[in-house]
Amino acid sequence: MNQEAAETARESLELVFRMSNILETGLDRHTLSVLIALCDIGLNPEALATLVKELRRDSATTTTTTTVD
């Protein structure tokens, strides 16, 4: 990847991260980067969003269950 392309990628990730913060998604830069890469290879963004929601719900349930025990 050339320097210009790398800079464009960093700027794009920063913009997505800012939008993510405005929308209060709670996603970090690394997670957003992985999700963007998955979209770039053709995965359905709506399916990825559903997966993230499911994983968060499962994580919250596990945390709650572990804390209650």
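Modeller: Let's start with a term: a helix axis here is a line fitted to C-alpha atoms over the stretch in contact, and angles run from 0 to 180 degrees between N-to-C directions. Please keep in mind that this is a predicted model.

Biologist: Thanks! What is the arrangement of α1 and α2 in those terms?

Modeller: Helix α1 (residues 3-22) packs against helix α2 (residues 29-40) at an angle of about 115 degrees, and their axes are 10 Å apart.

Biologist: Why are α1 and α2 called roughly perpendicular?

Modeller: That label covers angles of 65 to 115 degrees. The angle for this pair is about 115 degrees, and α1 and α2 are therefore roughly perpendicular to each other. Their crossing is right-handed.

Biologist: Which residues in α1 and α2 meet?

Modeller: From α1 come Leu13, Glu14, Val16, Phe17 and Ser20, and from α2 come Arg29, Leu32, Ser33 and Ile36. This contact divides into 5 nonpolar, 2 polar and 2 charged residues.

Biologist: Ser20 is in that list. What makes Ser20 count as buried?

Modeller: Buried means under 20% relative accessible area. Ser20 has 4%, so Ser20 is buried. Leaving aside residues up to four places away in sequence, Ser20 touches Thr25, Leu27 and Leu32.

Biologist: And the whole chain: how do you know that it is more spread out than a compact globule?

Modeller: The chain has 3 helices and 0 strands. Its radius of gyration is 15 Å, whereas the globule rule gives 11 Å for 69 residues, so the chain is more spread out than a compact globule. Its C-alpha atoms fill a box of roughly 55 × 25 × 20 Å along the principal axes, and buried residues make up 12% of the 69.

Methods. Residues numbered from 1 in each chain as written. Predicted model: local features only at pLDDT ≥ 70, side-chain atom pairs only at ≥ 80, totals over all residues. Heavy atoms only, no water. Buried < 20%, exposed > 50% of the residue type's maximum accessible area, 1.4 Å probe, protein only. Contact = heavy atoms within 4.5 Å. Helix = DSSP H or I, 4+ residues; strand = E, 2+ residues; numbered from the N terminus. Parallel < 35°, antiparallel > 145°, perpendicular 65-115°, else oblique. Left-handed = near helix turned anticlockwise from the far one by under 90°. Nonpolar A, V, L, I, M, F, W, Y, C, P; charged D, E, K, R; others polar. Rg over C-alpha atoms; globule rule 2.2 N^0.38 Å.
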